[in-house]
Every structure is written in structure tokens, then in C-alpha cells.
Amino acid sequence: MRILLVSPDPTLCRVIHQVLSRHSFIVDIATDGEEAWELLQAFMYDGVLLEAVLPDMDGVTLCCRLREVGNPVLILLMLEPADANTCVQGLDSGADACLVKPIQLPELLAQLRALARRGLRRASPLLTWGPLSLNPTAQQITCHSQVLKVNRKEYQILKLFLTYPRQMFSRSEIGDRLWTLDDELPSDATLKSHIRSIRRKLEQAGLQDFIQTHYGLGYCLDPVYNKKTKLLNRDPYLLEGMVDSITANIWQELMAANARLHEEIEQRKHIEAQLRRSEMMLRNAQRVAQVGCWEFDVITREIYWTEELFLIHGLDPNQPAPSAEEILALIHPDDRQLHQEAIQYRALRREAFEANLRIIRANDGEIRYINARGGPVFDHSGQIIKLTGTTSDVTQWLR
């Protein structure tokens, strides 16, 4: 059984990890809710041992998110003493059981065994396939009622096969399920060695071809040992095992795709927040400096003004930018010739421009002094595509 332990407490993690590892659990550790969420989308776990109080994302919220995306992983929520409200919220949010701290290790193991039975929908904790039987409580494997002596990793491999007896497991799937994130993933040679050792011990106990190899697919249990069926044709069982494996792979792909989508959404949110911050900083800087920006698209003839430029000219920022004729009307009559010579003509000659002009504010008729500067923007072929620039209110400075 592969467990994800989610806790920011290093002492608790160390103790639980040691105990569960001794009882043949595969244990990965996450220290906060966000890290746990990423691991649960990237890997398949049988259960989550989850602290209710976590940094970044609390345990109840994590339960909700897992159930919202349809993740059926078994969840055991660890609570602070006398925290009944969180227990109710956790169970309503999708947790399968709650455990109150300080954690009593025998109770923890019993809870995990109970959750495993619930997940498998078995009345008995025994996992059987033909004459082979595995008792998770006693951590013992028997064949023809004789105890089979296996090492820890062989026990885990057989338990994986007996838990999903009709499923096909590739070498990579076995590695993902039975090796922790801190361990180096086993090589093909290592996995072949484990399978070969298990087969040898099973053959000595009288079981031939109990674990089958399907080249290009992986390993599965021989369906003829299933006592619940009298069919001799193995193909339906092989197909069912393949379907179970395909379903698991589809689930992993869905979780990975969901993780990528979530990451992309978070990145977009971060970018949007940065853009909003940049826009606010620009708006504040323009207001303090009394500088507005403008842009004229030569192709579409569209004009864009920033908010401060509207305010400099005494116009409503919620209205569309004025047309070229309306802009000319805002310039003091005595300076319109200067505007034409210093700005329009130089722009047509593809040159940068600058001029000091007087304007008449639209809302109160006050005469203001501005400094207008800008220039053309070219495309890759050297054609003018835009005119852009800034307008500064220099009235106070001149006075």
C-alpha cells in the first residue's frame, strides 16, 4: 500500500515513516498542501495520511480539491485534540476517517488496514489468488497453507499483484508504486531479478507460471488460478487486466493533464497580477509626474490615450480617445501652426519630434503648457506602423 504522509512536523514524519516502512507500506512525504496536491496528481497513491493544519493549503481544502477532480484515494485526516468541527468538515469534504493527535501507532495501523479493506470492498482482509494467500494483518504469505519466505520488496510486489489480480503492470508502473520518491527508481534488471526470485520460490512451493510475462505490456497473474471462474480461455482475463491497466494509465494521464492545467492557470494568475501591479504603478507614476502616453495606429487609424493624458486635457477618461480633428481643436489657436510643423511634418518624414505647446483644457477652458515628444514605430520591412509618444504638463514648472 503506497501512502502519502502530509505533515509539516519533521518528528512526526520520521516516526510514522519508520513504523509504516517496517509494516511494508511505501511512504512518501509532503510538508504542505500544495506539494501534496502536486504529488497526488503526478503519482497514484492508495491512501493519504493528512494533517488538518498545513501551510499553503489546509487538509480540509485539499480533501475538497481531490474529490472535485474525482480522485478516489483513501484519506485519513489527523486532527488536533478536541477539534470536532474540523472532523465534521473533513468527513463532509471527502475524508474517509479521522484520527486525533497524539497519534497512537497501533490505532494508526488499524485505521490504515480498515481503509485498505474498505477500498478493496472486501469482507476479509485476506488477498487470495488460487492457492496463494496474503494476510496484510500478519504480513504473511502462504502457498498451499505453507508459509512462503519472501523479503520485504518481494512481499510488496506480490501484494500489489494480489490486490489487483487482473491488472497488467509494466515495469515502470511497479517502480512508481513500490519505490518512494527518495529512492532511485529500479532498473529493468533489478525488477527482473525480483520477479525471477519470486517465481523460483513459488515454483518450489508448487506453483508454476503464477506470474506471467507479456512482452511489451508487463506482468500479470495467471488467470487460470482464479477459482471464481470456470472459463478455460485466458484471453478475456488478459483483456480485463489490460483494461484495468489502461484505466489506471488514463487516470494518471488525466491527473497529469489536470496538474499541467492547474499550473498554467496559476501562472496566468501570477502574470495577470503582475500586469495589474505594473498598470497601477504606471498609472500612479504618470499621475505624480503629470505625464500621459498616446499611440496612433497608422493602419487601423485607432488612437489610444492613457488615463492621465485625458486628465491633462480636461477630458473624461471613460470616453473614447479624441479624433485627430478633436485633438487639433484642443491646441491653442496660436500654436496650431507649430504643432503642424514640429510634429506632423517631422512624423511624415519618419523622424522623432518634440515641441512645447499651449492647450485649452476642455472642462474649464484653462490654458496649460505641455511638452509633446514622440516618433514613429517601424515594422521589420521598414514601414511605419505606429506613432507613439508622451505629453507632459509643464505649466507648474514654467510658472
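A disulfide is a pair of cysteine sulfur atoms within 2.5 Å. The exercises below use that cut-off and others on a predicted model.

**Exercise 1. Cysteines**

Task: State how many disulfides the structure holds, and decide whether Cys143 is buried or exposed.

Solution. 
- Step 1. The link in question is a covalent bond between the sulfur atoms of two cysteines.
- Step 2. With the 2.5 Å cut-off, the structure holds zero disulfides.
- Step 3. Buried means under 20% relative accessible area. The relative accessible area of Cys143 is 2%, so Cys143 is buried.
- Step 4. Cys220, with a value of 5%, is buried as well.

**Exercise 2. The chain as a whole**

Task: Give the numbers of helices and strands, the buried share of the residues and the accessible surface of the chain.

Solution. 
- Step 1. There are 13 helices and 16 strands in the chain.
- Step 2. Of its 399 residues, 41% are buried.
- Step 3. The accessible surface is about 22100 Å², and carbon and sulfur atoms account for 53% of that area.
- Step 4. Among contacts with a separation of 6 or more, 54% join residues 24 or more positions apart.

**Exercise 3. A parallel sheet**

Task: Find which strands stand at the edges of the five-stranded sheet, and describe the helix H2 that packs on it.

Solution. 
- Step 1. The sheet is open, its pairing is parallel, and its strand order reads S2-S1-S3-S4-S5.
- Step 2. S2 (26-30) and S5 (97-100) each have a single partner strand, so one side of each lacks a neighbour in the sheet; these are the edge strands.
- Step 3. From one strand to the next, the twist averages 20 degrees.
- Step 4. Leu77 is opposite Cys98 in S5.
- Step 5. Helix H2 (residues 33-42) packs on the sheet and touches S1 (2-6), S2 and S3 (47-51). The directions of H2 and S2 make an angle of about 140 degrees.

**Exercise 4. Antiparallel strands S7, S8 and S9**

Task: Trace the pairing from S7 to S8 and from S8 to S9.

Solution. 
- Step 1. S7 (residues 132-135) runs antiparallel to S8 (residues 140-143), and four bridges join them. Asn135 faces Gln140 in this pair.
- Step 2. S8 also pairs with S9 (residues 146-147), again antiparallel, over two bridges. Here Cys143, the buried cysteine of Exercise 1, stands opposite Gln146.
- Step 3. Two residues lie between S8 and S9, which form a hairpin. In the turn, His144 has a positive phi of about 55 degrees.

**Exercise 5. Helix H3**

Task: List the buried residues of H3 and describe what is found at its start and just after it.

Solution. 
- Step 1. Within H3 (residues 59-68), the buried residues are Gly59, Val60, Leu62, Cys63, Arg65 and Leu66.
- Step 2. At the start, a side-chain oxygen of Asp58 comes to within 3.0 Å of the backbone nitrogen of Val60.
- Step 3. Just after the helix, Gly70 has a positive phi of about 80 degrees.

Note on methods: Residues are numbered from 1 along each chain as its sequence is written. This is a predicted model: local features need pLDDT of at least 70, side-chain atom pairs count only at pLDDT 80 or more; totals for chains, interfaces and linings use all residues. Side-chain values use heavy atoms; hydrogens and water are left out. Two strands pair if DSSP finds at least two bridges between them. Buried means under 20% relative accessible area, exposed over 50%, partly exposed in between (1.4 Å probe, protein chains only). Contact means heavy atoms within 4.5 Å. Accessible areas come from the Shrake-Rupley method with a 1.4 Å probe; for residues, only the protein chains shown count as cover. Axes are lines fitted to C-alpha atoms, for helices over the stretch in contact, and angles run from 0 to 180 degrees between N-to-C directions. A polar contact is a pair of N or O atoms within 3.5 Å; within protein, one must be able to donate a hydrogen and the other to accept it, and residues adjacent in sequence count only if both atoms are side-chain atoms.
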